[in-house]
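Keep the view open beside you as you read.

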Amino acid sequence: MNQWTPICQVEDIPRLGARRVERPQGMAVALFRTAQDDIHALLDRCPHKGGPLSQGIVFGASVACPLHNWTIEFASGCARAPDEGSTPRFAVMVDQGVVHLDATELATLALDVAPPVAGPCLRKVACA
């Protein structure tokens with residue numbers, strides 16, 4: 001049984017856009033709003049290189065990762081072929097314009113997924 005937690009209003013998510021939901025533990029969850037006002041939630045991490053899906057382009061029932069344009073489908077969380085992999089999906093309920101996520105999933109789902117490590121933080125700098 002789901003224990004729904006109110007997160008935001010549907011209008012707080014831009015149409016064809018996303019918002020991030022930070023969690024006390026684990027990576028953030030990305031909420032997406034389609035052109036038809038459907039709301040979906042995925043872990044904010046592309047299965048390819050860990051790109052932030054919340055910064056991707058929403059089209060149809062999918063989002064394109066901003067790093068390498070992998071397309072992740074909202075219904076399954078899977079990458080569209082020929083790419084492979086998936087990102088965890090979170091249950092969403094919308095009631096009277098309020099977006100809810102399952103509290104148990106927020107506290108337990110995908111906590112073991114490591115955030116990507118990329119960019120300048122990988123450089124080793126010698127200190128004198």
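1. Start with G17, whose bridge partner in β3 is R33. This pair belongs to the joining of β2 to β3, two antiparallel strands linked by five bridges. Please keep in mind that the model is predicted.

2. From there you can trace an open sheet of four strands, in the order β2-β3-β4-β8 and with antiparallel pairing. Its edge strands, β2 (17-21) and β8 (89-90), each pair on one side only.

3. Next, follow β3 into β4: five bridges join these antiparallel strands, and A30 stands opposite L42 in β4. The hairpin they form has five residues between the strands, and there D37 takes a positive phi near 65 degrees.

4. Is β3 mostly covered or mostly open? It is mostly covered, with five of its five residues buried. In general, side chains of a regular strand alternate between the two faces of the sheet. In β3, V29, L31 and R33 are buried on one side, and A30 and F32 on the other.

5. Finally, look at the largest nonpolar core, which has 15 residues; V29, L31, V99 and L101 touch the most other members. The elements giving two or more residues to this core are β3 (29-33), β4 and β10 (98-102), and β4 gives the most, with three residues. Apart from this core lies another, of 13 residues, among them A18, V63, C65 and I72.

Terms used:
Residues numbered from 1 in each chain as written. Predicted model: local features only at pLDDT ≥ 70, side-chain atom pairs only at ≥ 80, totals over all residues. Heavy atoms only, no water. Pairing = 2+ DSSP bridges. Core = buried A, V, L, I, M, F, W, Y, C linked by side-chain atoms within 4.5 Å. Buried < 20%, exposed > 50% of the residue type's maximum accessible area, 1.4 Å probe, protein only.
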